[in-house]
Amino acid sequence: MSARLPRTKGWTGSAFAGPRPVPAGTDLPVLLPAAAAFARRAADERAGGNPLARLEARHGWILVVALACAAGYAQAQSPSGHPSIVATLWKWTPLLA
């Protein structure tokens with residue numbers, strides 16, 4: 001004789017019948033602040049027409065390091081009689097601004 005578990009609501013045989021609806025009076029305090037912040041950010045992005053950039057100080061440092069590496073590579077490729085890349089950028093910056 002085999003032991004069988006009694007059937008419970010929501011189960012049919014060995015397959016789950018599906019999700020049950022959440023009661024109307026449910027309060028989910030853990031999700032509310034995150035959802036409100038997400039909704040505010042989405043509204044701001046829609047008003048601006050594009051996603052807002054989440055730039056941090058480390059992004060600036062990454063750009064500085066990339067510029068230094070590129071300037072070093074360009075300086076190594078240039079002949080000895082030409083001014084440095086940094087000097088050239090410093091010279092032309094007032095015209096670019």
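Which residues form a nonpolar patch on the surface? Trp92, Leu95 and Leu96 do, with about 390 Å² of accessible area together.

## Basis of the model

This is a predicted model: local features need pLDDT of at least 70, side-chain atom pairs count only at pLDDT 80 or more, and totals for chains, interfaces and linings use all residues. Residues are numbered from 1 along each chain as its sequence is written, and side-chain values use heavy atoms, leaving out hydrogens and water.

## Overall fold

The protein chain holds 3 helices and 2 strands. Both element types are DSSP runs, numbered from the N terminus: helices are H or I with at least four residues, strands E with at least two. The order along the sequence is β-β-α-α-α.

The accessible surface of the protein chain is about 9300 Å². Carbon and sulfur atoms account for 68% of that surface. Areas come from the Shrake-Rupley method with a 1.4 Å probe; for residues, only the protein chains shown count as cover. Of the 97 residues, 3% count as buried. Buried means under 20% relative accessible area, exposed over 50%, and partly exposed in between (1.4 Å probe, protein chains only).

Helix H3 covers residues 85–96 and includes Leu95. The number of buried residues among its 12 is 0, so H3 lies largely in the open. Leu95 counts as exposed because its relative accessibility is 64%.

Patches take residues with over 30% relative accessible area and no salt bridge; like charges are joined within 9 Å, nonpolar side chains (Val, Leu, Ile, Met, Phe, Trp, Tyr) within 5 Å.

The length of H3 also fits. At 1.5 Å a residue, its 12 residues should span 16 Å, and the end C-alpha atoms are 15 Å apart, which agrees. The expected span is 1.5 Å times one less than the number of residues.

## Helix H2

Ala70 sits in helix H2 (residues 57–77). Ala70 is partly exposed, at 45% relative accessible area. Its C-alpha atom is 9.4 Å from that of Ile85, 15 residues away along the chain.

## Salt bridges

The whole structure has 2 salt bridges. The criterion is a side-chain nitrogen of Lys or Arg within 4 Å of a carboxyl oxygen of Asp or Glu.

Glu45 pairs with Arg41, with closest N and O atoms 3.5 Å apart. The two residues are 4 apart in helix H1 (residues 32–48), about one helical turn. Arg41 is partly exposed at 25% relative accessibility.

Arg58 and Glu56 form a salt bridge at 2.9 Å, N to O. Arg58 is exposed at 52% relative accessible area. Glu56 is partly exposed at 46%.
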